[in-house]
Amino acid sequence: NGSFYQPSAFLMMGIPGLEALHPWISIPFCALYLTALLGNCVILFIIRKTQSLHEPMYYFLSMLAVTDLGLALCTLPTTLGLFWFNVRRIGFDACLTQMYFIHILSFIESSVLLAMAFDRFIAISHPLRHPSILTKTTVLKIGLAIVLRGMVSLLPIPFLLKRLTYCGKTELSHSFCFHPDIMNLACADIKVNVFYGMIILLSTVGMDFIFIVLSYILIIRTVVSLTTKEECLKALNTCVSHICAVLVFFIPMIGLSMIHRFGKNVPPLVNTLVAYTYLIIPPALNPVIYSIKSTHMREALLRALRRK
C-alpha cells in the first residue's frame with residue numbers, strides 16, 4: 001500500500017498505571033516548575049543588577065538560566081494540562097514544534113555547560129589572562145555560535161518526521177513530544193531518522209561531554225600543581241556548582257537516549273520517570289545549586305533581600 005498517512009494529532013501519556021493519581025502527582029510537578037521559573041528569573045535579576053557579577057562565569061550562568069526557563073516553559077503547558085485537565089491531544093504540527101524547541105534547548109544547555117567548563121579551565125589555569133581571553137564580545141560570540149549550532153543541526157528533524165507515513169497508533173510515551181518517540185510511531189523506513197539523530201547527538205552533546213571531561217582533566221592537572229592544600233581546595237570549590245549541573249543534566253539525558261534506542265524491554269514507568277528527570281529536574285535544581293554553592297551569588301541575593 002503506497003498511501004501516505006499523517007495523523008492530525010497525537011495522544012500524550014502521563015505516568016502509566018497512575019492515571020487516577022494525576023491531580024495529586026501534579027503537586028510536586030507544580031513545585032518543580034515554580035522553582036524553575038522563579039529560581040532562574042531571580043538568577044537573571046541578580047546578575048543584571050549586581051555589577052560585580054558582570055564577568056564571564058555569570059554571563060554563561062545567565063545563558064544557562066535562560067535555557068532552563070525555555071525548557072520549563074516548553075513542557076509546562078502539556079504536562080500540567082494533562083495532569084490537571086486530562087488534555088491528551090496535541091496537534092501534529094504543534095507536536096513537531098514543541099519537539100524542535102525541546103531538543104534545541106537541550107543542545108544549547110549542553111553547549112553552555114561546555115562553555116562554562118572552558119571558562120573554569122581558563123580561570124584556574126591562566127587567571128591573569130582570563131579577562132583578556134573571555135571578553136564580553138567573545139562571550140557574546142560564543143553564545144550566538146551555541147544558538148546557531150543548535151538551530152541549524154536540528155532544522156532537518158521536523159522535515160524528516162513529516163515525510164514519514166504513520167500507522168494508526170498515535171500514543172506518545174510522555175506528556176511532551178520527543179523525536180525518538182514520534183519516529184517510532186511511523187510505519188515507514190526510519191533508518192535515515194535514526195542515523196541522522198544519532199550522528200547529531202554524538203557530534204553535539206556527545207562531543208560537548210567529552211570536552212567537558214577533558215577540561216576537568218586539565219583543571220585537575222593544574223590544581224595538583226598548586227603549592228598549598230588551601231589553594232587546591234579554593235580552586236576546586238569554584239567548580240563544584242558546575243560539576244553538579246553537568247551531572248544533573250547529562251546522566252538522565254544519556255539514560256533517556258539509551259532507553260529510547262536500546263531499551264525495548266524497559267518498563268514504561270522507568271522510561272517516563274527518566275524523561276521527567278531529564279527535562280524538569282535540571283531547570284529546577286540549577287538555580288538552587290548555584291545559589292547555595294556560589295558565594296558571590298548568595299551574597300548578592302542576600303543584599304537584594306535586605307533591600308526589599
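I take a disulfide to be a pair of cysteine sulfur atoms within 2.5 Å. The model I am reading is predicted.

**Disulfides**

I applied that cut-off and counted two disulfides. I looked at C167 and C187 to begin with; their sulfurs sit 1.8 Å apart, so the pair is a disulfide. C167 lies in the loop between α6 and α7, and C187 in the loop between α7 and α8 (191-224), so the bond ties together parts 20 residues apart in sequence. C167 is partly exposed at 27% relative accessible area, and C187 is partly exposed at 45%.

Next I looked up C95 and C177, which are joined with S to S 1.9 Å. The torsion about their S-S bond is about -120 degrees, so I noted this disulfide as left-handed. C95 belongs to helix α3 (residues 92-125) and C177 to the loop between α6 (156-162) and α7 (179-183), so parts 82 residues apart in sequence are tied together. C95 is buried at 0%. C177 is buried as well, at 0% relative accessibility.

With the bonded cysteines numbered in sequence order, I read the pairing as 1-3, 2-4.

**Cysteines in no disulfide**

C74 is in no disulfide; its nearest cysteine sulfur, that of C177, is 11 Å away. C74 is buried at 17%. C232 is in no disulfide either, and the nearest cysteine sulfur, that of C239, lies 12 Å off. I found C232 buried, at 17%.

**Helix packing**

I then turned to α1 (residues 22-49) and α12 (residues 295-307). They pack at about 90 degrees, with axes 10 Å apart. That makes α1 roughly perpendicular to α12. On α1, I listed V42, I43, I46 and I47; on α12, M297, A300, L301 and A304. By class, this contact has eight nonpolar, no polar and no charged residues.

Conventions: Residues are numbered from 1 along each chain as its sequence is written. This is a predicted model: local features need pLDDT of at least 70, side-chain atom pairs count only at pLDDT 80 or more; totals for chains, interfaces and linings use all residues. Side-chain values use heavy atoms; hydrogens and water are left out. Axes are lines fitted to C-alpha atoms, for helices over the stretch in contact, and angles run from 0 to 180 degrees between N-to-C directions. Helices (H or I, at least four residues) and strands (E, at least two) are DSSP runs, numbered from the N terminus. Angles under 35 degrees count as roughly parallel, over 145 as roughly antiparallel, 65 to 115 as roughly perpendicular and the rest as oblique. Contact means heavy atoms within 4.5 Å. Ala, Val, Leu, Ile, Met, Phe, Trp, Tyr, Cys and Pro count as nonpolar, Asp, Glu, Lys and Arg as charged, and the others, Gly among them, as polar. Buried means under 20% relative accessible area, exposed over 50%, partly exposed in between (1.4 Å probe, protein chains only).
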